[in-house]
Amino acid sequence: MQFIDRTEIEVEAGKGGDGIVAFRREKYVPAGGPAGGNGGRGGSVILKAVEDLQTLLDFQYNRRFKADDGKRGGPKNQTGASGSDRIIEVPCGTVVYDANTSEVMVDLVTPNQQFCVAAGGKGGLGNTHFLSNQNRAPDYALPGLPGESRRLRLELKLLAEVGIIGLPNAGKSTLISALSSARPKVADYPFTTLIPNLGVVRKPTGDGTVFADIPGLIEGAHRGTGLGHEFLRHIERTRIVLHMIDITDTDPIANYQIIQQELNAYGRGLERRRQILAINKIDAAGDSEERTKAIASQLEAIAGVKVFLISAVARIGLDALLQEVWRFLDDLKTEE
């Protein structure tokens, strides 16, 4: 499945139905009077957040959505039928912007949350509405009003409690596949992950926690270098950042600092997000146990947090790492 997390669409609400001019024609009512009904209201365009969708792919092929028009009024003061609303399903976590002003209209986070992005036009008034003592036989009615039209920009920010970050080939996809039933593409070369991957990790209590593997972060990602700038927004919603560092790389300390600089430069609260650090691939470090411990000590001194030594592929140290994740999440709930 192709992952699309940003797109633009056009929405148009339905036009209100026209009011009509009509008069009573009953046989035994000589002075019948006006009897033209009002038009029905046009349908509105409504966005609805659903859990089943994980991408905005559908909007790549269908970018224009229109609600039904209202029906014109009828004789005998009959009001026209209202147009049906057009309900558009989007993934939970979709932020809706007015594409012309970049104003945030709504952030659809909760399942089944709905928001009207274009209101239907009001139905026109029939000639009955204009009956008065001065005008006993009005012979005019009003047309229905047009519905609202908007151009919208949709941006998807994944809903995950734990975001896994790191330079390419740090083992993020391997970790999420080891902890959950997710099966992202894994290979021994950089940039194998081109889309964010989600996986549900079970807590000891049985509850599920969503982990997200955020791909493509490299130096300069906040300026648009590489793929990372496309996915930095997905970290905004995470409550914890799990930063993975490849011990087999030449300079793990510099790699850690590169990612931290990107988070700081991107801003939007990422620089203040609580982090857990994990040095990965310790099984591939060979006889360099002393080097691994030395780097871990340096990272602990720089970051001020405990550093976990793990191997995602060999599943070494994952239990202790998860215990720290659960503790962090429990602490955050306590603080709320």
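This is a predicted model: local features need pLDDT of at least 70, side-chain atom pairs count only at pLDDT 80 or more; totals for chains, interfaces and linings use all residues.
Local features need pLDDT of at least 70 and side-chain atom pairs count only at pLDDT 80 or more, while totals for chains, interfaces and linings use all residues. Residues are numbered from 1 along each chain as its sequence is written, and side-chain values use heavy atoms, with hydrogens and water left out.

Reader: With which side chain does the side chain of Lys66 make a polar contact?

Author: Lys66 lies in strand E3, residues 64-66, where strands (E, at least two residues) and helices (H or I, at least four) are DSSP runs numbered from the N terminus. A polar contact is a pair of N or O atoms within 3.5 Å, of which, within protein, one must be able to donate a hydrogen and the other to accept it, and residues adjacent in sequence count only if both atoms are side-chain atoms. At 2.9 Å, the partner of the Lys66 side chain is the side chain of Asp69.

Reader: Which side chain of opposite charge is nearest to Lys172?

Author: Lys172 belongs to helix H1, residues 172-179, and is buried, meaning under 20% relative accessible area, with exposed over 50% and partly exposed in between (1.4 Å probe, protein chains only). Lys and Arg count as positive and Asp and Glu as negative, with His and the chain ends not counted; a salt bridge needs a side-chain nitrogen of Lys or Arg within 4 Å of a carboxyl oxygen of Asp or Glu. Lys172 has no salt bridge, and the nearest side chain of opposite charge, 4.8 Å away, is that of Asp213.

Reader: How many of the residues of H1 are buried?

Author: The buried residues of H1 include Lys172, Ser173 and Leu179, and their cover includes strand E9 (162-165) and helix H4 (318-335). H1 is largely enclosed by the rest of the structure, because the buried residues number eight of the eight.

Technical notes. Contact means heavy atoms within 4.5 Å.
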